[in-house]
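Me: I am new to this structure and would be grateful for a close look at a single part, the place where the two chains meet. Please begin with the background needed to follow it.

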Amino acid sequence: MALPFSGRKDGLSLSEALPDRSLFILVAMMSFLAALTLTGATGARTLSTRWAGGAAQLLTIQVSEPDQPVAGASKTDKTAPQTRADAVLTDLAALPAGTQVHRLTQEELARLLTPWLGDAGKTALPLPAVIEVRLAEGHEAPLDLEQALEAHVSGTVVEHNAEWSSRLRALAESLLACAALALATVGGIATMITALATRAGLSTRRDIIEILHGLGATDSYIAGRFAWRTGGLALGGALLGTLLAMAPLLLLFRMAAPFAASTLQATSTAMPDWRTLPDLLPGDMLAGLAALPFVAAFIGWATTQFMVRVWLRRMP
Amino acid sequence: MIRMNGVSWRRERKEGTPALSNLSFEVPQGGFRWLLGPSGAGKTSLLSLLHVENLPTDGTLCLLDKDVTTQTPRALLVRLRQRIGMVHQDFRLMPDLSVADNVALPLRLQHRPEDEITDEVHAILKWVGLGDRIGVRASRLSGGEQQRTAIARAIVHRPGLILADEPTNALEEPQAHKLLDLFGELSSMGTTVIVATHNEALIRRLPRPALMLERGRLVQDGT
């Protein structure tokens with residue numbers, strides 16, 4: 001014969017004992033912050049990697065009056081380069097094998113300068129030729145490259161990205177350390193919030209726990225009941241916080257996307273379309289955001305297990 | 001079986017005379033003892049020691065063939081508690097749970113199958129006269145009903161030792177006599193029973209050896 005069991009199997013009634021709503025909301029807020037920080041950290045790491053690798057291998061060379069003949073060049077030698085830009089390109093061909101040399105076309109140059117000059121195609125200003133040099137992996141530009149080009153084609157400017165990239169990399173690594181510190185702080189606060197909520201639950205359920213203890217409930221049973229409850233609340237709160245964080249993150253990422261181009265050729269002031277944005281999001285960032293609710297749930301679960309077990313140690 | 005040898009117990013952070021002092025007695029398995037003494041003599045303290053809610057500060061205690069000391073592993077203490085049925089003076093029911101859920105607790109904590117729990121709980125509640133109150137919340141029961149629920153919870157898992165602190169206080173005489181008959185029957189079936197009471201009529205109805213306490217000392221050891 002069935003009995004009218006209430007479904008409240010042990011009387012702990014944790015939904016009433018724990019400050020559910022405040023724990024849920026606080027974890028959601030913490031997760032929102034963590035999601036933003038995690039994204040910042042991912043961005044800083046991506047930039048650091050890029051500056052440590054790709055950008056450091058990149059040289060930008062500007063040749064003024066590119067279509068003018070090279071001063072002092074023989075006009076009778078048909079094999080000699082006819083213009084200053086061609087002369088620089090010829091010199092760059094002597095760089096180690098695997099080096100990619102590309103002179104920006106008028107369209108690429110115009111697109112690059114649009115933010116400063118508007119429609120650069122219609123400007124009356126004399127524009128230099130811009131040559132992008134990507135050195136092969138593990139190679140560095142010859143130390144005397146700038147002097148050699150200057151001696152051959154005067155007024156040629158070589159911009160060494162490596163110098164800036166090391167400074168920017170240091171900056172990115174500092175940002176990364178700050179982000180890690182912020183994440184640790186958020187984790188610490190989440191732990192404290194869970195501990196306080198658990199303590200509140202323990203004090204309101206003290207009598208019930210003593211009865212259960214007297215009836216032969218194990219420490220792991222009581223701690224488990226509390227831990228699954230707080231772990232579940234933390235999971236729900238963190239899911240909400242992470243989902244809420246996605247809106248500003250997507251907006252920020254869309255705004256930052258044009259700056260993430262790896263070459264001058266790919267540089268564009270246009271923001272990517274919303275529909276293509278998910279494909280552009282870094283995989284490790286998405287994995288980190290997906291893991292966030294589970295990490296929050298684990299923090300809640302583990303903190304509560306520890307708190308309850310320590311509290312139960314006061315009983316024989 | 002219970003064996004105490006020179007057992008003392010002192011409340012935490014309290015100096016001076018221990019609440020229980022140098023107790024030595026033995027109750028064989030299936031034995032029945034009244035626990036007597038004036039208020040404040042230490043009856044409840046002794047029952048809490050026997051229920052392993054507190055541990056002896058001195059002496060040796062052997063319960064159900066297990067030594068109980070401050071060094072005893074917690075897991076063993078838990079298993080011991082699962083083999084003891086305790087009826088507290090204040091019943092200690094879960095107010096939010098139904099009568100059925102309260103009585104089912106010891107069985108659930110031992111992970112018994114749910115259909116077995118249903119059968120056991122139904123049978124015991126019928127026996128204590130609460131067959132028509134099984135779905136009622138404990139907080140809505142009368143004092144007598146709460147006491148009967150507490151008694152049902154203490155015996156539903158057929159413990160090896162039953163401890164009862166004034167178990168008939170809130171019961172009417174016929175129910176008290178019925179309960180006493182049950183305790184006598186359980187004792188004859190091999191369950192050790194210790195009942196603390198002031199009710200002399202009960203003692204006269206079931207004449208059994210008594211442990212008499214005075215100011216935390218045993219003045220009569222039930223032999």
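Reply: In this predicted model, chain A holds 10 helices and four strands. Read from the N terminus, the elements of chain A follow the order α-α-β-α-β-α-β-α-β-α-α-α-α-α. Chain A has 316 residues, and 39% of them are buried. Of the contacts in chain A between residues at least 6 apart in sequence, 82% link residues at least 24 apart. The accessible surface of chain A amounts to about 17,100 Å², with 65% belonging to carbon and sulfur atoms.

The interface itself comes next. The size of an interface is often expressed as the accessible area that is lost when the parts come together. Between chain A and chain B, the buried area is about 2,600 Å², and carbon and sulfur atoms give 64% of that area. Chain A contributes 28 residues to the contact, and chain B contributes 34 residues.

As for specific pairings, the interface of chain A and chain B contains one salt bridge. In a salt bridge, the side chain of B:Arg74 meets that of A:Asp219 at 2.8 Å, N to O. Six residue pairs, both members at pLDDT 80 or more, are in polar contact across the interface of chain A and chain B.

On the side of chain A that touches chain B, the elements giving two or more residues are α7 (206-214) and α8 (219-256) of chain A. The largest share of that side, five residues, is supplied by α7(A). By residue type, the side of chain A that touches chain B comprises 14 nonpolar, eight polar and six charged residues.

Note on methods. Residues numbered from 1 in each chain as written. Chains lettered and ligands numbered in written order. Predicted model: local features only at pLDDT ≥ 70, side-chain atom pairs only at ≥ 80, totals over all residues. Heavy atoms only, no water. Contact = heavy atoms within 4.5 Å. Buried area = accessible area lost by both parts, 1.4 Å probe. Salt bridge = Lys/Arg side-chain N within 4 Å of Asp/Glu carboxyl O. Polar contact = N/O pair within 3.5 Å; in protein donor to acceptor, adjacent residues only side chain to side chain. Nonpolar A, V, L, I, M, F, W, Y, C, P; charged D, E, K, R; others polar. Buried < 20%, exposed > 50% of the residue type's maximum accessible area, 1.4 Å probe, protein only. Areas by Shrake-Rupley, 256 points an atom, 1.4 Å probe, with all protein chains shown as cover.
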